[in-house]
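Let's work through a few exercises on one protein chain. Keep your viewer open and try each task before reading its solution.

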Amino acid sequence: MRRLTTFLTARRTSWIALVLALLFAGAVFAIGSGATDETAPGVGLPETAESARVAAAQETLPGADTTSALLVYSRGGEKLSDADLEAITAAVGDLSDLSTDGFVPPPTVSDDGTTAIVAVPLDVLSDVAAQAERADEIRSIANTGLPSGLEALLTGPEGFAVDVAAVFEGADVTLLIVTASVVIVLLLITYRSPWLWLVPLIVVGTADGLARIVATRVAAAAGIALDASVTGILSVLVFGAGTNYALLLIARYRDELRLEPDRRVAMARALRGAGPAILASGGTVVLALLTLVFAQLEGNRALGIACATGVVIAMAFALLVLPAALVLFGRGLFWPSVPKVGSEGSTERGVWFRLGTLVSRKPVVVAIIGALVLGGLALGATQVRVGLAQTERFTTVPEAVIGQERIAEAFPAGSGSPAVVIANTDAVDDVVAAAEDVSGVDSVRVGESAGDITEITVVLDSAAETEESFETVRALRETLHEVPGADALVGGLDAQTLDVNAAQQADQDLVIPLILALVFLVLVILLRALVAPVLLLATVVASFFASLGASWLLFSSVLGFPALDTNVVLFSFLFLVALGVDYNIFLVTRAREEALGHGTRRGMVRALAATGGVITSAGILLAAVFAVLGVLPLITLTQIGIIVCIGVLLDTLLVRTLIVPSLAFLTGERFWWPGRAISVAAEVRTTGSGAQPK
């Protein structure tokens, strides 16, 4: 460690570290991510899921390479006139040039005559830009020459795919600009320097750019394509974590500059002091993220691989590049608050020192009040509902959702997203008869055949992705699985959602215990204790449930969100536990260091005084960065951003500031059990030298 810190900070070698970093960054940017097309978020179910098996079987059917766009014609509930129907029929002819085989079926008119549906067969496009361009052309043709008051809305599989992709159009640029702006403002407030903020911003910004490319390459090697939602979270995490590590290192560097006239020696000491805490916190986040590689859903695995890669790069740049960059400049980098040798440090003064002293006098009261606050907020988590329908996942209502709602009003509610059954051709009649007898089924139609299998379309009475439609799909599966010789499988949107929910629950049941076990193990190894890790982990878990409860009150009472999306609980837990324990690591590792010379009680007060400002700044910055996810009109990311934002603020302002110190004061030397107790003699010597007694 000493040789590395010397290499990074010495006058003769520090520039080498920067040159190597520039060469590495240049090479990576030159190679690029290798991704040629922008990828929209996918489902990522395992191949064994029943709906995935249906989708695989559909690929062998004659229409395997096709999808469909549903155009919904209506005039606000009024009955369509003859002129309306003539215009719709004319549009059908114009749309034929875009269809797969040059033919578009005639429109289907609802029984009440208020709505007409046109299904346009289309070739499957993987490129998001090309798909959006085609959708714009379809909308233009469908709405050209229509009578006043008549409009066509694009929905169905193609409509939803385009609208979801539109959510992420330009998302990378938007997130980068907003995130960087938030970081700049908070760094300016933190350092109150006109130029110091530039150094960590440039270093972390470079790490973010590299992380996107490297993460895409690593994921591709694992056979996974990263979509825009994953890269968006990746960017937020790299900026948040990287800036946190930079804040911690610079704060320690400032303290050392007050003790050492040579800035390079001061940086070497700061790196040796802050480095282990940064490695421990970053390593905890990486290990927690890597638990997602055991998940069933590909989207979960993609997030774990990408974000773990990003945190490694952020940590490497904070420890290897930032120190070399900072020592290029003199103390004037901190102007106007230049740290002078011999000036008073922060461990024996300031608001955080006074707060720590106050908590040390009333630890029982503080612990009880903290527990009541967390417990009260956590009560809201008992009311949480999980599961958003496809039409509920947007903060702004897109065209596809409106079209789907109009279909549900005029046709059987499940017309826009029928269930798909794949069965052996010899047993089709038996399957059709059995399906028609299932409660909740409106109609059954036999479709294409290929070899020994046939596709059967089942329209449900209930709207898509509702509990009623899920019950019907469950009943269909139970009934059709029992048809002799049919080997029937039930797929489609509702079946897919059911399978995704089941897989997400299985991932949650597996990954959450793994995260807790890994974080606990890291804390035990780092602190060489058992009591402290148990208490620290308990506080972080408690703050998660408190943030979940507080967020749910906000979602249900203010924002009007009907439920949490299925992956929100897992992702929020992952980020909050992994990132929340970071602040406890920063505090407690410094407390252990201070306790060696001042005892546990005094050491915790000094640690809180030394780290209070920087950890609070880091927490507020991280919370604000995650809140940036709310700029995208997708409820999933908004929910994750808000839950993590509230949780980080609770960890920073309540758990780490009040609850953890109070628990350390209550347990005393037992806080470090079964590690070697802090010497009482150290406290006696400290008391004798003029410091306050414990």
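**Exercise 1. Describe how helix 19 and helix 20 pack against each other.**

Solution. Start with the two axes: those of helix 19 (residues 568-598) and helix 20 (residues 600-627) come within 7 Å and cross at roughly 155°. Axes here are lines fitted to C-alpha atoms, for helices over the stretch in contact, with angles from 0 to 180 degrees between N-to-C directions. Helices themselves are DSSP runs (H or I, at least four residues), strands are E runs of at least two, and both are numbered from the N terminus.

Finally, look at the residue classes: the contact of helix 19 with helix 20 has 15 nonpolar, five polar and four charged residues. Ala, Val, Leu, Ile, Met, Phe, Trp, Tyr, Cys and Pro count as nonpolar, Asp, Glu, Lys and Arg as charged, and the others, Gly among them, as polar.

Before you go on, a word on the source: this is a predicted model, where local features need pLDDT of at least 70 and side-chain atom pairs count only at pLDDT 80 or more, while totals for chains, interfaces and linings use all residues. Residues are numbered from 1 along each chain as its sequence is written, and side-chain values use heavy atoms, leaving out hydrogens and water.

**Exercise 2. Find the side-chain partners in polar contact with Arg134 and Arg406.**

Solution. First locate Arg134, which lies in helix 5 (residues 128-143). Arg134 is buried, at a relative accessible area of 11%; buried means under 20%, exposed over 50% and partly exposed in between (1.4 Å probe, protein chains only).

Then list the neighbours of Arg134: setting aside those within four places in sequence, they are Thr67, Leu122, Asp123, Leu125 and Glu158, where contact means heavy atoms within 4.5 Å. The partner is Glu158, whose side chain joins that of Arg134 in a polar contact of 2.9 Å. A polar contact is a pair of N or O atoms within 3.5 Å; within protein, one must be able to donate a hydrogen and the other to accept it, and residues adjacent in sequence count only if both atoms are side-chain atoms.

Now repeat this for Arg406, placed in helix 14 (residues 399-410). Not counting residues up to four places away in sequence, Arg406 touches Val72, Ser74, Thr115, Glu151 and Leu153. Here the partner is Glu151, with a side-chain polar contact of 2.7 Å to Arg406.
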